[in-house]
Amino acid sequence: MAMQAGEIEALIKAALPDASVTIEDLAGDGDHYAATVVSARFAGISRVKQHQIVYAALRGRMGGNCMPWPCKPQPLNKEPPR
Amino acid sequence: MTTTVERIKSEISENPVMLYMKGTAMFPQCGFSARVVQILTHMGVPFKTANVLEDGELREGIKTFSNWPTIPQLYVKGEFVGGCDIITEMFQSGELSTLLTEQGIQHEATA
């Protein structure tokens, strides 16, 4: 099921309003994306939980059974620039 | 009759390092599973595996159990730590070694 990159970003930002989201269309087919998500919510929690927050934001619209959706949430430890 | 969830709970509590994978440690049947086996073997970590290809209920059940869509899945002291990408990153950054040390699991220092 193809999705627009903007749609993915909107879903992630709805769940993580502070997130900075970078979407990359891996195959150029609108069906294989990688996302880098940086959010303060990820600080101090396990990598699995970081990914699960992003998966939950996409409400099951990611991948099929055997199709990993490469996504790299990163904790943001630095203070935002003033 | 043991349900799949009961089976998983008992395996991850009885085995400090438990890997759900496709194939076996000796004969992995998926590149992602093979990579996690390779990392654990390289680190000299004792671990047990379950082959999801031999049990369709386990194959689906483990995904529901962890709320994680892919296999392999590595559990340390009953906690789901990650799949192939996370384990590879944690190995490279040294986090996996730190976690094993914190959990009191013997292993060789990473190179």
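Tutor: In chain B, the axes of helix α2 (residues 31-42) and helix α4 (residues 84-93) come within 9 Å and cross at roughly 30°. Axes here are lines fitted to C-alpha atoms, for helices over the stretch in contact, and angles run from 0 to 180 degrees between N-to-C directions. Because angles under 35 degrees count as roughly parallel, α2(B) is roughly parallel to α4(B). This is a predicted model, in which local features need pLDDT of at least 70 and side-chain atom pairs count only at pLDDT 80 or more, while totals for chains, interfaces and linings use all residues. Residues are numbered from 1 along each chain as its sequence is written, and chains are lettered from A and ligands numbered from 1 in the order in which they are written.

On the α2(B) side, the contact is made by B:Phe32, B:Arg35, B:Val36 and B:Ile39; they meet B:Cys84, B:Ile87, B:Thr88 and B:Phe91 of α4(B) (contact: C-beta atoms, placed from the backbone, within 7 Å). Of these residues, six are nonpolar, one is polar and one is charged.

Now the sheet. Chain B has an open sheet of four strands in the order β2-β1-β3-β4, with mixed pairing (strands, DSSP E runs of at least two residues, pair if DSSP finds at least two bridges between them). Its edge strands are β2 (48-51) and β4 (79-82), each pairing on one side only. Neighbouring strands are turned by 25° against each other on average, direction ignored. Strand β3 (residues 73-76) of chain B runs antiparallel to β4(B), and three bridges join them. B:Val76 has B:Glu79 in β4(B) as its bridge partner.

Note on methods:
Parallel < 35°, antiparallel > 145°, perpendicular 65-115°, else oblique. Contact = placed C-beta atoms within 7 Å. Nonpolar A, V, L, I, M, F, W, Y, C, P; charged D, E, K, R; others polar.
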